[in-house]
Amino acid sequence: MSEKIGVYLCHCGSNIAGVVDVEEASFWAQETFPEVTVSRNYKFMCSSPGQELIEKDIKELGLTRVVVAACSPHLHEPTFRGACQRAGLNPFLFEMASIREQVSWVTTDKQIATQKAKALIEGAIKRVVYNEPLEPFIVKIDPNVLIVGGGVAGIQAALEIADSGSHVYLVEREPSIGGHMAQFDKTFPTLDCSACILTPKMFAVGSHPNITLLTWSEVEKVEGYVGNFTVQVRKRARKIKEDLCTGCLVCQEKCPKKVVDNVFEVGLANRKAVYVPFPQAVPKYPVIDTENCTFFQKGKCKICEHFCPTDAIDFAQEDQVLKLNIGNILLATGYDPFDCRRMPQYGYGVLPNVITSLEFERMTNASGPTAGKVLLKDGKTVPTSIGIIHCVGSRDKNYNEYCSSICCMQSLKFAHLAHEKTGAKVCNFYIDIRTPAKSYEEFYKRIQDEGTIFVRGKVGEVTNIARSAEEEGKLIVQVFDTLLGMQRRIPVDMVILSAALEPRADAKEVGKKFGISCAADGWLIERHPKLDPVATMTEGVYIAGCAQGPKDIPASVAQGAAAAARIIGRIQQGQMALEPVRANVIEDRCSACRTCNDLCPFSAITFDMDKEVSLVNPALCQGCGTCVAACPAGAIIGTHFSDEQIMAQIKGLLEVPFAPMQP
Amino acid sequence: MAETEKNRFEPVIVGFTCNWCSYRAADAAGMGRMKYAPNVRLIRLMCSGRTDPQFVLKAIAEGADGVMITGCHPGDCHYIDQNYKTMRRYELLRRTLIQMGLEPGRLNLVWASAAESQILAEEISKFVEQVRALGPLHWPKWEQASANERASGKEAA
């Protein structure tokens, strides 16, 4: 075949030309390859005149293939594909060789660098001959949106999308939306009451005509692709008829069975077997915890049914399985707090007055287990001294290396609340004080001015073994004070552990269900850490809030809004073009060995029993190429990454020797 | 590090990278201006799972002194778990190549995430030294082999 290839080398100013001899390489390309019709080099190929060079040559010289040797294809492949398309050449008949990131920026010897550049260019020239023209795959976008997680990020996104006119299904596994923010007492730095600022949004979600709230529900299965997902949701049986329940909560009041509330009250208080998690719950309907309900476990009771004024209790109610057609999905599943029992040196779970951050939040909350009073475990004594330990489980190579972002502000907030409620002496044990956002540093100064003591040092141990009279009956915080340069033992009545934020225990499984993955530290992975924090590598699936990494409430709200904007944009466009890089089975060559069938994580490969061939669904295929490599018969073709293309590229890469021939 | 002494053997190595992790790591190494051995010529695939063992054989047949396969860390694959398939394939390939007489040090598998540019650069340089120590791979290229056989009058095998 005689293709007419245009080869363009970019100087990139002196970024490439300063190391690689682009003039010589450009001349070499013209002279060495008969299939190269024209070879040029130019200062900045990505500029308008640079692109026009390509367009002009395509039109005037009838080029059938284009190779550009410049920066990374991740930067400018779309740019040059665009130039080809404008000139009438299919954009997939283009190849790019990266001679900047892979050659000029990483090699010092100029001759060797030029040789390596030539090798990469020859690889591209040999490969591009086998490129096929491809058309992008257009898919329609269903306007319905699924949001998983009813915390503040999910709530924000739901409201913005619903306000724009599209329909949202908000799935939440707990009986009420609100997430962790509903558990907090006051929020930093404004010391707004958390419930007061959150409940109006929760109520708006509950009453919005464009939001279908599915609480006490879980996503079971996700199939399909962007714009065309089919999601199976299990709406668990509350055992309450929602159309009859008025939310009067007589059932909760009369229920005789008490259960330790390990979720909302973090184990500090009880709830009933039929309950709403907190008074401002949305929706207002209670649920029956069948694992602890006397009727479901032993067949007796039914007191709730007896007292319900509207006959809304339905013990026979079954789970409902819903199949939803969804266009875009947002995961805002939040975080789990670090289990402080993993650090036995701090005595949590053994020493009664060592508590976690979430437990302290519930304690200071006026509707919490102690009606807002800060008390020791005996339920009556007010502490006269409190130690607050920062970075418990964070910034620690034994547990989590990352910083949990909010604990310094949270610990300062606790110091303030402790002062306000008890007048106790408060000591914060810190490594660094991280107060970067708006008004945070001012908050820190305020807490210092209030008389809080700050000791810089990572606490070694919290113990109740006294060494002197004044330590008797106290908790002793043993710490190396780095500013004083000495060990200190500081006796306190109560210790609060600012626990790390960790990814949800099932983050990996949940991610897998939706076709996205987690990073090494467990948080869901975004498309680009700086420039694209809410999209993921899977089109149509977005992430927001703490599911993406620890962050404060303003940042969670911002991410929820950002994801909503993206989704609204997609819905407005109505359709989108997908890259046509995917696998395709040549049915004549398939011998039905079915080696490929189990290889696809996206379930894109099926076996047709009638035709007795394996088939790839192009809409589900993500183009990884694993099945292409695995097929023993070579029956699966990988478009744009075919065997012919890659073999030719390998050969081309190896034609150019390491060093130039000596004359 | 890239200065070559006269007469020192310089291996030529083909590296397969995956679009999402290791290729981005190579890009990041470039942006960080990290200098590493220029002996490795990279091919971009969408996933390490696309690496057909035939590609490795082709590279060796065409004159490569070593071959490197790189991809995302297990558990972090952009296509969920295709790099596990790469791992399995690599193990079988390695054993096959050893039986064919290839020194095991000429084949390498490296996991590097997009943020691990330093690690990728170091692995590349380390592998180059490893292959350099083994010397050139004296397997004639296909065409050369057939030309040799035609010239000596024997039939091509």
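1. A:T452 counts as buried, with a relative accessibility of 9% (buried means under 20% relative accessible area, taken with a 1.4 Å probe on protein chains only). The residue lies in the loop between α13 (440-449) and β23 (453-456) of chain A; helices (H or I, at least four residues) and strands (E, at least two) are DSSP runs, numbered from the N terminus.

2. This is a predicted model, in which local features need pLDDT of at least 70 and side-chain atom pairs count only at pLDDT 80 or more, while totals for chains, interfaces and linings use all residues. Residues are numbered from 1 along each chain as its sequence is written, chains are lettered from A in the order in which they are written, and side-chain values use heavy atoms, without hydrogens and water.

3. The side chain of A:T452 reaches the backbone oxygen of A:I447 at 2.8 Å. Beyond its neighbours within four places in sequence, A:T452 is in contact (heavy atoms within 4.5 Å) with A:A415, A:H419, A:V426, A:N428 and A:I447.

4. Turning to the interface, 55 residues from chain A and 56 residues from chain B take part in the contact. About 4900 Å² is buried between the two chains, 59% of it on carbon and sulfur atoms; this is the accessible area (1.4 Å probe) lost on putting the two parts together, summed over both.

5. Three salt bridges are counted between chain A and chain B (a side-chain nitrogen of Lys or Arg within 4 Å of a carboxyl oxygen of Asp or Glu). One of them joins B:R44 to A:E77, with the closest N and O atoms 3.3 Å apart.

Technical notes: Buried means under 20% relative accessible area, exposed over 50%, partly exposed in between (1.4 Å probe, protein chains only). A polar contact is a pair of N or O atoms within 3.5 Å; within protein, one must be able to donate a hydrogen and the other to accept it, and residues adjacent in sequence count only if both atoms are side-chain atoms.
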